[in-house]
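Take a look at the structure below.

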Amino acid sequence: MKPAVLTGAHYITGDEACAEGALAAGCKFFGGYPITPATEVAERMSERLPEVGGTFIQMEDEIATMASILGASCAGVKSMTATSGPDFSLMMENIGLGIVTETPCVVVNVQRAGPSTGLPTMGAQADMMQAKWGSHGDYEIIALAPSSPQDIFYQTITAFSNLAIIN
């Protein structure tokens with residue numbers, strides 16, 4: 001079995017750094033559904049999780065994705081998913097379930113340059129706003145906004161410590 005934490009200098013993307021940060025924090029389950037620009041997180045986790053004794057599952061849709069990481073977390077496993085704006089919208093109902101049941105998990109929302117599918121007219125912070133206030137009810141969510149691949153590595157570790165949504 002390979003070590004969960006890579007050592008030495010590495011030149012990797014933010015998505016890869018996110019996956020490596022999750023592994024360094026002890027993540028052992030990833031449930032995901034591919035969507036750009038978050039697909040590389042899932043790809044990296046699909047390669048690395050089996051090397052460290054973890055489980056990767058590609059789910060049939062976004063609703064099942066959230067259900068899978070909530071279920072893994074209920075079983076005592078550090079779990080996460082990675083997505084982007086449009087799929088994050090579809091996950092909101094089960095994110096609300098996780099909030100009301102106080103089920104710890106990490107959701108990475110790889111933000112696009114603007115609302116919905118990209119940059120139609122102008123940039124926006126809509127994904128961050130949705131992460132903070134998008135689901136039903138009165139709740140608090142920790143939402144982090146890293147600024148570089150190095151920062152997302154450390155912020156992902158922080159997310160597992162504080163159980164946050166990374167935007």
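Q: Which residues point one way from strand S4 (residues 106-109), and which the other way?
A: This is a predicted model. In it, Val106 and Val108 point one way from S4, while Val107 and Asn109 point the other way. All are buried. In a regular strand the side chains alternate between the two faces of the sheet.

Q: What joins S3 to S4, and how do they run?
A: Four bridges join S3 to S4. Two strands pair if there are at least two bridges between them, so S3 and S4 count as paired. They run parallel. Within this pairing, Thr81 has Val107 of S4 as its bridge partner.

Q: Through which helix does the chain cross from S3 to S4, and what is the hand of this crossover?
A: The path goes from S3 through helix H4 (residues 85-100) to S4. This β-α-β crossover is right-handed.

Q: What pattern does the protein follow along the sequence?
A: The pattern is α-β-α-β-α-β-α-β-α-β-α-β. The secondary structure comes to six helices and six strands.

Q: How many aromatic pairs are there?
A: The count comes to two.

Q: Why is the pair of Phe30 and Phe56 called stacked?
A: The ring centres are 5.5 Å apart, and a pair needs centres within 6.5 Å. The planes stand at 10°, and under 30 degrees counts as stacked. Therefore Phe30 and Phe56 are a stacked pair.

Q: What parts does the pair of Phe30 and Phe56 tie together?
A: Phe30 lies in strand S1 and Phe56 in strand S2, so the pair ties together parts that are 26 residues apart in sequence.

Q: Why is Phe30 called buried, and why is Phe56 called partly exposed?
A: Buried means under 20% relative accessible area. Phe30 has 0%, so Phe30 is buried. Partly exposed runs between that cut-off and 50%. Phe56 has 25% relative accessibility, so Phe56 counts as partly exposed.

Q: What makes the pair of Phe153 and Tyr154 edge-to-face?
A: The ring centres are 5.2 Å apart and the planes stand at 80°. Planes over 60 degrees apart count as edge-to-face. So Phe153 and Tyr154 form an edge-to-face pair. Phe153 is buried, at 18% relative accessible area. Tyr154 is partly exposed, at 48%.

Q: Which residues of helix H2 (residues 39-48) are buried, and what covers them?
A: Thr39, Val41, Ala42, Arg44, Met45 and Arg48 are buried in H2. Their cover includes helix H1 (14-24), strand S1 (29-32), strand S2 (55-58) and strand S3 (79-83).

Q: Which residues have the most contacts inside the largest nonpolar core?
A: They are Phe30, Val41, Met45, Met80, Val108 and Phe160. This core has 24 residues. H1, H2, S3, S4 and helix H6 (149-162) each supply at least two of its residues. H1 gives the most, with five residues.

Q: What does Val41 touch, not counting residues up to four places away in sequence?
A: Val41 touches Asp15, Cys18, Ala19, Phe30, Met80 and Ala82.

Q: Where is Thr103 found, and why is Thr103 called buried?
A: Thr103 is in the loop between H4 and S4. Its relative accessible area is 12%, and the cut-off for buried is under 20%, so Thr103 is buried. Leaving aside neighbours within four places in sequence, Thr103 is in contact with Leu70, Ser73, Cys74 and Gly98. Thr103 and Leu70 are 33 residues apart in sequence and 6.4 Å apart in space, C-alpha to C-alpha.

Q: Why is Glu102 called exposed?
A: Exposed means over 50% relative accessible area. Glu102 has 72%, so Glu102 is exposed. The place of Glu102 is in the loop between H4 and S4. Glu102 has a positive phi of about 55°, although it is not a glycine.

Q: What kind of peptide bond joins Thr36 and Pro37?
A: A cis peptide bond joins Thr36 and Pro37, with omega about 0°. Pro37 lies in the loop between S1 and H2.

How values were computed: Residues are numbered from 1 along each chain as its sequence is written. This is a predicted model: local features need pLDDT of at least 70, side-chain atom pairs count only at pLDDT 80 or more; totals for chains, interfaces and linings use all residues. Side-chain values use heavy atoms; hydrogens and water are left out. Buried means under 20% relative accessible area, exposed over 50%, partly exposed in between (1.4 Å probe, protein chains only). Contact means heavy atoms within 4.5 Å. A crossover is right-handed if, with the strands pointing away from the viewer, the path from the first strand over the helix to the second runs clockwise. Rings of Phe, Tyr and Trp (its six-membered ring) pair if their centres lie within 6.5 Å; planes under 30 degrees apart count as stacked, over 60 as edge-to-face and the rest as tilted. A nonpolar core is a set of buried Ala, Val, Leu, Ile, Met, Phe, Trp, Tyr and Cys residues joined through side-chain atoms within 4.5 Å.
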